[in-house]
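Thank you all for coming. I would like to walk through one protein with you today, starting from its overall layout and then turning to some of its side chains.

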Amino acid sequence: MGYRLSENTVIFSYQEKADFDFDTFDSQSIIAIGILGLDFSYLDKQGSWLDAWDSRIGGAQEKLPPQAVRISFAIENNDMPDSKEVFETVVELPIRSKYR
């Protein structure tokens with residue numbers, strides 16, 4: 001599954017079988033409109049925020065989940081033209097891996 005921003009719209013995409021082909025999906029749904037920006041960052045075990053996370057075999061974070069995920073998004077501010085509101089949250093992942 002994944003999320004992407006396309007023309008100010010956040011789209012949720014789902015694959016029945018994870019094949020890492022990010023061009024085709026089994027289903028897609030619009031979950032938000034009017035989004036100006038959407039960013040994810042990932043906390044590694046050293047306490048650094050990273051812009052990407054690759055836990056596949058051979059990936060930079062092989063077999064490791066991040067400690068937390070930071071989600072930031074900006075929406076249109078209808079009260080003030082040409083401005084935006086930014087929201088951010090951090091979700092800790094209490095997942096333990098035998099590889100940590």
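The protein has zero helices and seven strands, where helices (H or I, at least four residues) and strands (E, at least two) are DSSP runs numbered from the N terminus. Read from the N terminus on, the elements run β-β-β-β-β-β-β. Please keep in mind that this is a predicted model, in which local features need pLDDT of at least 70 and side-chain atom pairs count only at pLDDT 80 or more, while totals for chains, interfaces and linings use all residues. Residues are numbered from 1 along each chain as its sequence is written, and side-chain values use heavy atoms, with hydrogens and water left out.

Of the 100 residues in the protein, 25% are buried; buried means under 20% relative accessible area, exposed means over 50%, and partly exposed is in between, with a 1.4 Å probe and protein chains only. The accessible surface comes to about 7,500 Å², and carbon and sulfur atoms hold 51% of it, the areas coming from the Shrake-Rupley method with a 1.4 Å probe, where for residues only the protein chains shown count as cover.

Let me turn to the aromatic rings, where the structure holds two aromatic pairs. Rings of Phe, Tyr and Trp (its six-membered ring) pair if their centres lie within 6.5 Å, and planes under 30 degrees apart count as stacked, over 60 as edge-to-face and the rest as tilted. Y42 and W53 form a tilted pair, at 6.4 Å centre to centre and with 45 degrees between the planes. This pair links distant parts of the chain, since Y42 belongs to strand β4 (residues 35-43) and W53 to the loop between β5 (49-50) and β6 (68-76), eleven residues apart. Y42 and W53 are both buried.

The pair of F73 and F87 is stacked, at 5.5 Å centre to centre and 25 degrees between the planes. Here F73 in strand β6 is linked with F87 in strand β7 (residues 84-92), 14 residues apart. How accessible is F73? F73 counts as partly exposed because its relative accessibility is 32%, and F87 counts as partly exposed because its value is 37%.

Finally, consider T9, which lies in strand β2 (residues 9-14) and is buried, because its relative accessible area is 13%. Leaving aside residues up to four places away in sequence, T9 touches R4, I30, A32, I33 and I35, where contact means heavy atoms within 4.5 Å.
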